Amino acid sequence: MELRMTTTFPDISISTERLVLRPYEDADIPAHLEMMNDEMVVAWTSAPHPYTTAHAEDWVRRIAPAERAEGRGVVLAVTEFLTQRLVGIIHLQNTNWRTRATEVAYVTAPWARGEGYATESVLAVAQWLFRDQHFERLELRTAADNTASQQVAQKIGCISEGVLRNAWIARTQTEDGGWTDIRTDLIVWSLLPEDLEGAADQLADAGYSSFTDWN
């Protein structure tokens with residue numbers, strides 16, 4: 001008899017020193033709506049634009065829960081521990097349960113940038129994936145000109161593996177304030193369990209605590 005492998009992530013929340021990563025709730029809809037209409041988010045994600053309340057409701061109530069229920073990944077709202085406000089998204093997607101590999105994407109709200117939240121939350125998810133879920137590979141793809149996203153990959157110890165040419169459509173603002181699609185390359189990064197040890201030490205030196213507080 002072949003043992004059936006788990007093909008969905010558990011319904012979890014993950015705590016770090018400053019953040020709680022948890023499933024989306026209806027109360028997140030207004031902040032999510034505002035975050036997704038931010039210029040940086042419009043430029044680098046494939047989210048609809050303009051992003052409407054209907055889009056936000058569909059994301060929170062249908063799309064995000066389905067990612068986990070249907071085995072593709074998991075969507076976590078990144079919230080501040082102290083204020084409980086929404087500060088970002090962590091999205092695990094394109095999960096391969098046989099190879100124990102998944103891809104992470106993240107968004108940081110404009111009101112929370114420069115705090116290191118993306119680094120802290122991606123690192124926490126990586127540690128949970130490798131230690132708790134026994135995953136063997138975390139992949140990350142950043143648009144060629146998205147330097148903020150690339151800095152996160154570098155800070156958590158990702159290795160740059162190469163370039164996917166012409167593989168993404170970003171958006172750029174035109175003079176009249178509209179948006180137009182532009183083709184761009186993607187840089188592929190990966191993180192393996194053994195890569196994490198060095199990154200955790202480096203971040204500890206920089207004042208981050210360990211991320212061992214799983215709920």
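L129 touches F9, L92, T102, H134, F135 and L138, leaving aside residues up to four places away in sequence; contact here means heavy atoms within 4.5 Å. The model is predicted, so local features need pLDDT of at least 70 and side-chain atom pairs count only at pLDDT 80 or more, while totals for chains, interfaces and linings use all residues. Residues are numbered from 1 along each chain as its sequence is written, and side-chain values use heavy atoms, without hydrogens and water.

**Nonpolar cores**

A nonpolar core is a set of buried Ala, Val, Leu, Ile, Met, Phe, Trp, Tyr and Cys residues joined through side-chain atoms within 4.5 Å. Buried means under 20% relative accessible area, exposed over 50%, and partly exposed in between, with a 1.4 Å probe and protein chains only. In soluble globular proteins, nonpolar side chains tend to be buried together. The largest nonpolar core has 36 residues, of which I90, L92 and L129 touch the most other members. Helix α4 (117-131) is among the elements that each supply at least two residues of this core, and the largest share, 10 residues, comes from α4. Helices (H or I, at least four residues) and strands (E, at least two) are DSSP runs, numbered from the N terminus. Apart from this core lies another, of 17 residues, among them Y51, V60, A64 and L86.

**Aromatic pairs**

Rings of Phe, Tyr and Trp (its six-membered ring) pair if their centres lie within 6.5 Å; planes under 30 degrees apart count as stacked, over 60 as edge-to-face and the rest as tilted.

| Pair | Type | Centre to centre | Angle between planes |
|---|---|---|---|
| F9 and W128 | tilted | 5.6 Å | 45° |
| W97 and F135 | edge-to-face | 5.5 Å | 80° |

F9 lies in the segment before β1 (14-15) and W128 in helix α4, 119 residues apart. F9 is buried, because its relative accessible area is 1%; W128 counts as buried at 3% relative accessibility. W97 lies in the loop between β4 and β5 and F135 in the loop between α4 and β6, so their pair ties together parts that are 38 residues apart in sequence. Both W97 and F135 are buried. F9, W97, W128 and F135 form one aromatic cluster.

**Helix α3**

Helix α3 (residues 53-69) contains A56, W59, V60, A64, A66 and E67 as buried residues, and the cover over its buried residues includes α1 (29-36), β3 and β4. Just after α3, G71 takes a positive phi of about 85°.
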